[in-house]
Amino acid sequence: MFLHYLTEYQTWSYIIIFLGMMVEGDILLFTVGFLANRGYFAIDMALLTVFLGTLIGDNLWYVLGEIINENSVFGRFVIRLTKPFDEHLRARTFRTIFITKFAYGLHRATLLKLGMLRVSFKKFIESDIIASTFWIFLVGGLGYLSSASFILIKHYLRYTELTLLFGLILFILISHLITHISKKEL
(Lines give C-alpha, C1' and ligand atoms only; values in the text may rest on other atoms or scores of the structure.)
Protein backbone atom coordinates (compact mmCIF):
# COMPACT_ATOMS: atom_id res chain seq x y z
CA MET A 1 0.00 0.00 0.00
CA PHE A 2 2.64 2.52 0.99
CA LEU A 3 5.35 1.17 -1.32
CA HIS A 4 3.91 2.97 -4.32
CA TYR A 5 4.81 6.29 -2.66
CA LEU A 6 8.44 5.22 -2.20
CA THR A 7 8.97 5.04 -5.93
CA GLU A 8 6.83 8.08 -6.68
CA TYR A 9 8.61 10.34 -4.17
CA GLN A 10 12.09 8.80 -4.20
CA THR A 11 13.92 11.99 -3.15
CA TRP A 12 11.69 12.37 -0.11
CA SER A 13 12.20 8.69 0.69
CA TYR A 14 15.99 9.19 0.85
CA ILE A 15 15.57 12.32 2.98
CA ILE A 16 13.37 10.37 5.41
CA ILE A 17 15.92 7.55 5.52
CA PHE A 18 18.72 10.05 6.22
CA LEU A 19 16.80 11.74 9.04
CA GLY A 20 15.47 8.46 10.37
CA MET A 21 18.95 7.00 10.71
CA MET A 22 19.77 9.79 13.15
CA VAL A 23 16.98 8.70 15.47
CA GLU A 24 16.14 5.04 14.87
CA GLY A 25 18.58 2.76 13.22
CA ASP A 26 17.96 -0.98 13.40
CA ILE A 27 14.44 -1.34 12.06
CA LEU A 28 14.85 1.39 9.47
CA LEU A 29 18.16 -0.07 8.26
CA PHE A 30 16.69 -3.56 8.03
CA THR A 31 13.70 -2.17 6.09
CA VAL A 32 15.91 -0.23 3.68
CA GLY A 33 17.99 -3.36 3.01
CA PHE A 34 14.83 -5.36 2.43
CA LEU A 35 13.32 -2.79 0.07
CA ALA A 36 16.62 -2.24 -1.79
CA ASN A 37 16.60 -5.91 -2.73
CA ARG A 38 13.04 -5.55 -3.97
CA GLY A 39 14.07 -2.62 -6.20
CA TYR A 40 12.41 0.22 -4.30
CA PHE A 41 15.78 1.86 -3.58
CA ALA A 42 19.01 1.98 -5.55
CA ILE A 43 21.47 0.02 -3.40
CA ASP A 44 24.32 2.53 -3.84
CA MET A 45 22.13 5.53 -2.98
CA ALA A 46 20.57 3.67 -0.05
CA LEU A 47 23.99 2.73 1.36
CA LEU A 48 25.29 6.28 1.01
CA THR A 49 22.17 7.74 2.63
CA VAL A 50 22.23 5.24 5.50
CA PHE A 51 25.96 5.70 6.09
CA LEU A 52 25.82 9.49 6.11
CA GLY A 53 22.67 9.57 8.25
CA THR A 54 24.25 7.20 10.76
CA LEU A 55 27.57 9.05 11.02
CA ILE A 56 26.08 12.54 11.15
CA GLY A 57 23.47 11.40 13.67
CA ASP A 58 26.08 9.73 15.88
CA ASN A 59 28.21 12.90 15.74
CA LEU A 60 25.22 15.02 16.76
CA TRP A 61 24.51 12.71 19.72
CA TYR A 62 28.18 12.94 20.76
CA VAL A 63 28.18 16.76 20.55
CA LEU A 64 24.90 16.89 22.46
CA GLY A 65 26.60 14.84 25.17
CA GLU A 66 29.34 17.46 25.39
CA ILE A 67 26.82 20.22 26.12
CA ILE A 68 24.45 18.31 28.43
CA ASN A 69 24.39 19.51 32.00
CA GLU A 70 25.21 16.48 34.14
CA ASN A 71 22.91 17.79 36.89
CA SER A 72 19.88 18.05 34.62
CA VAL A 73 17.21 15.34 34.72
CA PHE A 74 18.30 14.14 31.29
CA GLY A 75 21.99 14.21 32.25
CA ARG A 76 21.37 12.19 35.43
CA PHE A 77 19.33 9.67 33.43
CA VAL A 78 22.16 9.17 30.92
CA ILE A 79 24.70 8.84 33.74
CA ARG A 80 22.56 6.28 35.57
CA LEU A 81 21.99 4.26 32.40
CA THR A 82 25.61 4.22 31.27
CA LYS A 83 27.57 4.35 34.56
CA PRO A 84 28.58 0.65 34.36
CA PHE A 85 30.19 1.29 30.95
CA ASP A 86 32.38 4.28 31.78
CA GLU A 87 35.61 2.26 31.86
CA HIS A 88 34.65 0.39 28.69
CA LEU A 89 33.89 3.68 26.93
CA ARG A 90 37.33 5.02 27.71
CA ALA A 91 39.40 1.85 27.26
CA ARG A 92 37.46 -0.04 24.57
CA THR A 93 35.62 2.66 22.66
CA PHE A 94 35.19 0.73 19.40
CA ARG A 95 34.01 -2.45 21.08
CA THR A 96 31.52 -0.61 23.26
CA ILE A 97 30.12 1.45 20.37
CA PHE A 98 29.80 -1.68 18.24
CA ILE A 99 28.07 -3.76 20.91
CA THR A 100 25.66 -0.99 21.91
CA LYS A 101 24.59 -0.52 18.29
CA PHE A 102 22.70 -3.79 18.78
CA ALA A 103 21.25 -2.89 22.20
CA TYR A 104 17.93 -1.04 22.02
CA GLY A 105 17.85 2.09 24.13
CA LEU A 106 21.54 1.96 24.99
CA HIS A 107 23.34 3.15 21.87
CA ARG A 108 22.19 6.79 21.88
CA ALA A 109 22.85 7.03 25.62
CA THR A 110 26.33 5.63 25.01
CA LEU A 111 27.02 8.29 22.39
CA LEU A 112 25.81 10.98 24.78
CA LYS A 113 28.02 9.58 27.53
CA LEU A 114 31.06 9.56 25.24
CA GLY A 115 30.53 13.29 24.77
CA MET A 116 29.93 13.82 28.50
CA LEU A 117 33.18 11.98 29.30
CA ARG A 118 35.01 14.11 26.73
CA VAL A 119 36.46 11.02 25.06
CA SER A 120 38.75 12.21 22.28
CA PHE A 121 36.69 13.13 19.22
CA LYS A 122 39.32 11.50 16.99
CA LYS A 123 39.06 8.24 18.94
CA PHE A 124 35.27 8.47 18.85
CA ILE A 125 35.01 9.15 15.11
CA GLU A 126 37.50 6.42 14.14
CA SER A 127 35.66 3.87 16.30
CA ASP A 128 32.26 5.02 15.11
CA ILE A 129 33.11 4.82 11.41
CA ILE A 130 34.37 1.25 11.73
CA ALA A 131 31.54 0.12 14.04
CA SER A 132 28.91 1.79 11.85
CA THR A 133 30.28 0.19 8.70
CA PHE A 134 30.12 -3.30 10.21
CA TRP A 135 26.69 -2.63 11.71
CA ILE A 136 25.26 -1.31 8.43
CA PHE A 137 26.46 -4.35 6.51
CA LEU A 138 25.24 -6.78 9.18
CA VAL A 139 21.77 -5.34 9.77
CA GLY A 140 21.23 -4.02 6.24
CA GLY A 141 22.56 -7.31 4.89
CA LEU A 142 20.06 -9.23 7.03
CA GLY A 143 17.27 -7.16 5.54
CA TYR A 144 18.61 -7.58 2.03
CA LEU A 145 19.07 -11.35 2.41
CA SER A 146 15.70 -11.85 4.08
CA SER A 147 14.09 -10.20 1.08
CA ALA A 148 16.07 -12.43 -1.27
CA SER A 149 14.99 -15.53 0.63
CA PHE A 150 11.35 -14.53 0.30
CA ILE A 151 11.70 -14.52 -3.48
CA LEU A 152 11.90 -18.30 -3.23
CA ILE A 153 8.50 -18.46 -1.53
CA LYS A 154 6.86 -15.51 -3.23
CA HIS A 155 4.10 -17.61 -4.73
CA TYR A 156 2.96 -18.32 -1.15
CA LEU A 157 2.95 -14.68 -0.14
CA ARG A 158 1.11 -12.09 -2.17
CA TYR A 159 2.31 -8.78 -0.79
CA THR A 160 5.75 -7.38 -0.11
CA GLU A 161 4.35 -5.70 3.00
CA LEU A 162 3.62 -9.10 4.53
CA THR A 163 7.12 -10.38 3.84
CA LEU A 164 8.58 -7.19 5.26
CA LEU A 165 6.47 -7.57 8.38
CA PHE A 166 7.61 -11.17 8.79
CA GLY A 167 11.24 -10.14 8.25
CA LEU A 168 10.93 -7.32 10.78
CA ILE A 169 9.44 -9.64 13.38
CA LEU A 170 12.26 -12.11 12.82
CA PHE A 171 14.81 -9.29 13.02
CA ILE A 172 13.33 -7.93 16.27
CA LEU A 173 13.49 -11.39 17.84
CA ILE A 174 17.12 -11.82 16.78
CA SER A 175 17.94 -8.29 17.93
CA HIS A 176 16.47 -8.89 21.38
CA LEU A 177 18.56 -12.04 21.67
CA ILE A 178 21.70 -10.12 20.66
CA THR A 179 20.82 -7.32 23.12
CA HIS A 180 20.49 -9.84 25.92
CA ILE A 181 23.85 -11.43 25.05
CA SER A 182 25.53 -8.02 24.54
CA LYS A 183 24.47 -6.71 27.93
CA LYS A 184 26.06 -9.77 29.53
CA GLU A 185 29.30 -9.10 27.60
CA LEU A 186 29.52 -5.52 28.85
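**Entry 1: His88.** I looked up His88 and found it in helix 6. His88 is buried, at a relative accessible area of 16%. My cut-offs are under 20% relative accessible area for buried, over 50% for exposed and partly exposed in between, with a 1.4 Å probe and protein chains only. The side chain of His88 makes a polar contact of 2.6 Å with the side chain of Arg92. By polar contact I mean a pair of N or O atoms within 3.5 Å; within protein, one must be able to donate a hydrogen and the other to accept it, and residues adjacent in sequence count only if both atoms are side-chain atoms.

**Entry 2: ground rules.** I note that this is a predicted model, where local features need pLDDT of at least 70, side-chain atom pairs count only at pLDDT 80 or more, and totals for chains, interfaces and linings use all residues. Residues are numbered from 1 along each chain as its sequence is written, and side-chain values use heavy atoms, leaving out hydrogens and water.

**Entry 3: the whole chain.** I counted 10 helices and 0 strands, and along the sequence the pattern reads α-α-α-α-α-α-α-α-α-α. Of the 186 residues, 45% count as buried. I then turned to contacts, meaning heavy atoms within 4.5 Å. Among contacts in the chain with a separation of 6 or more, 84% come from residues 24 or more positions apart.

**Entry 4: helix 5.** Which residues of helix 5 are buried? I found Gly75, Val78 and Thr82 in this stretch, residues 73-82. Seen down the axis of helix 5, these buried residues fall within an arc of 65°, so they line one face of the helix. The arc is taken from the directions from the helix axis to the C-beta atoms. On the face turned away from the buried side I noted the exposed residues Val73 and Arg80. The cover over the buried residues of helix 5 includes helix 6 (86-91) and helix 8 (107-116).

**Entry 5: helix 5 against helix 8.** The axes of helix 5 and helix 8 come within 9 Å and cross at roughly 105°. That makes helix 5 roughly perpendicular to helix 8. The axes are lines fitted to C-alpha atoms, for helices over the stretch in contact, and angles run from 0 to 180 degrees between N-to-C directions. Angles under 35 degrees count as roughly parallel, over 145 as roughly antiparallel, 65 to 115 as roughly perpendicular and the rest as oblique. From helix 5, Phe74, Gly75, Val78, Ile79, Leu81 and Thr82 meet Ala109, Thr110, Leu112, Lys113 and Met116 of helix 8. By class, the residues of this contact of helix 5 with helix 8 are 7 nonpolar, 3 polar and 1 charged. Ala, Val, Leu, Ile, Met, Phe, Trp, Tyr, Cys and Pro count as nonpolar, Asp, Glu, Lys and Arg as charged, and the others, Gly among them, as polar.

**Entry 6: Thr82.** I zoomed in on Thr82 of helix 5, which is buried with a relative accessible area of 0%. Leaving out residues up to four places away in sequence, Thr82 touches Ala109, Thr110 and Lys113.

**Entry 7: helix 2 and helix 3.** I checked another pair: the axes of helix 2 (residues 10-23) and helix 3 (residues 26-37) come within 9 Å and cross at roughly 150°. Helix 2 is therefore roughly antiparallel to helix 3. Ile16, Ile17, Gly20 and Met21 of helix 2 make the contact with Leu28, Leu29 and Val32 of helix 3. This contact of helix 2 with helix 3 has 6 nonpolar, 1 polar and no charged residues.

**Entry 8: Phe18.** Phe18 is also in helix 2, and counts as partly exposed at 24% relative accessibility. Not counting residues up to four places away in sequence, Phe18 touches Thr49, Leu52, Gly53 and Ile56.

**Entry 9: Arg118.** Last, I looked at the loop between helix 8 and helix 9 (121-151), where Arg118 is found. Arg118 has a phi near 60°, a positive value in a residue other than glycine. Most residues other than glycine have a negative phi. At 52% relative accessibility, Arg118 counts as exposed.

Methods. Helices (H or I, at least four residues) and strands (E, at least two) are DSSP runs, numbered from the N terminus.
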